[in-house]
Amino acid sequence: MNVNTKKWGIIGTIVVVVLIAIFMVTRPTRLSGKYVANTGSSLVFKGDKFEEFETS
């Protein structure tokens, strides 16, 4: 294996790992939607806020 090829392989691997790390850190982790429990309570998520509802 050529030294130049080995060097570019290592650089490519590092670039891929850094890109995956950036994606994992910057991905959104916000919830959205309505979640209902068996007890009749439900939570509605909108961005960083949520509302709790209880049905009888």
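Q: Contact means heavy atoms within 4.5 Å. Leaving aside neighbours within four places in sequence, which residues is Glu52 in contact with?
A: Glu52 is in contact with Ser42 and Leu43, once those neighbours are set aside. This is a predicted model in which local features need pLDDT of at least 70 and side-chain atom pairs count only at pLDDT 80 or more, while totals for chains, interfaces and linings use all residues. Residues are numbered from 1 along each chain as its sequence is written, and side-chain values use heavy atoms, with hydrogens and water left out.

Q: How many helices and strands are there in the protein?
A: Helices (H or I, at least four residues) and strands (E, at least two) are DSSP runs, numbered from the N terminus. The protein has one helix and three strands, and along the sequence they follow the pattern α-β-β-β. Helix 1 covers residues 3-26 and includes Ile14. Val36 belongs to strand 1 (residues 31-36), Ser42 to strand 2 (residues 41-47), and Glu52 to strand 3 (residues 49-54).

Q: Where in the protein is confidence lowest, and where is it highest?
A: pLDDT is the predictor's confidence in each residue, from 0 to 100. Where pLDDT is low, the predicted coordinates should not be read in detail. In this protein, strand 3 has the lowest confidence, with a mean of 72, and helix 1 the highest, at 92. The average pLDDT of the protein is 81, and 88% of the residues score at least 70.

Q: Is Ser42 buried or exposed?
A: Buried means under 20% relative accessible area, exposed over 50%, and partly exposed in between (1.4 Å probe, protein chains only). Ser42 counts as buried because its relative accessible area is 5%. Glu52 is exposed, at 52% relative accessibility, and Val36 is exposed too, at 59%. Of the 56 residues in the protein, 9% are buried.

Q: How far apart in space are Ser42 and Glu52, C-alpha to C-alpha?
A: Ser42 and Glu52 are 5.9 Å apart in space, C-alpha to C-alpha, and 10 residues apart in sequence. For Val36 and Glu52 the C-alpha distance is 9.9 Å, at 16 residues apart in sequence.

Q: How much of the accessible surface belongs to carbon and sulfur atoms?
A: Accessible areas come from the Shrake-Rupley method with a 1.4 Å probe; for residues, only the protein chains shown count as cover. The protein has an accessible surface of about 5300 Å², and 64% of this belongs to carbon and sulfur atoms.
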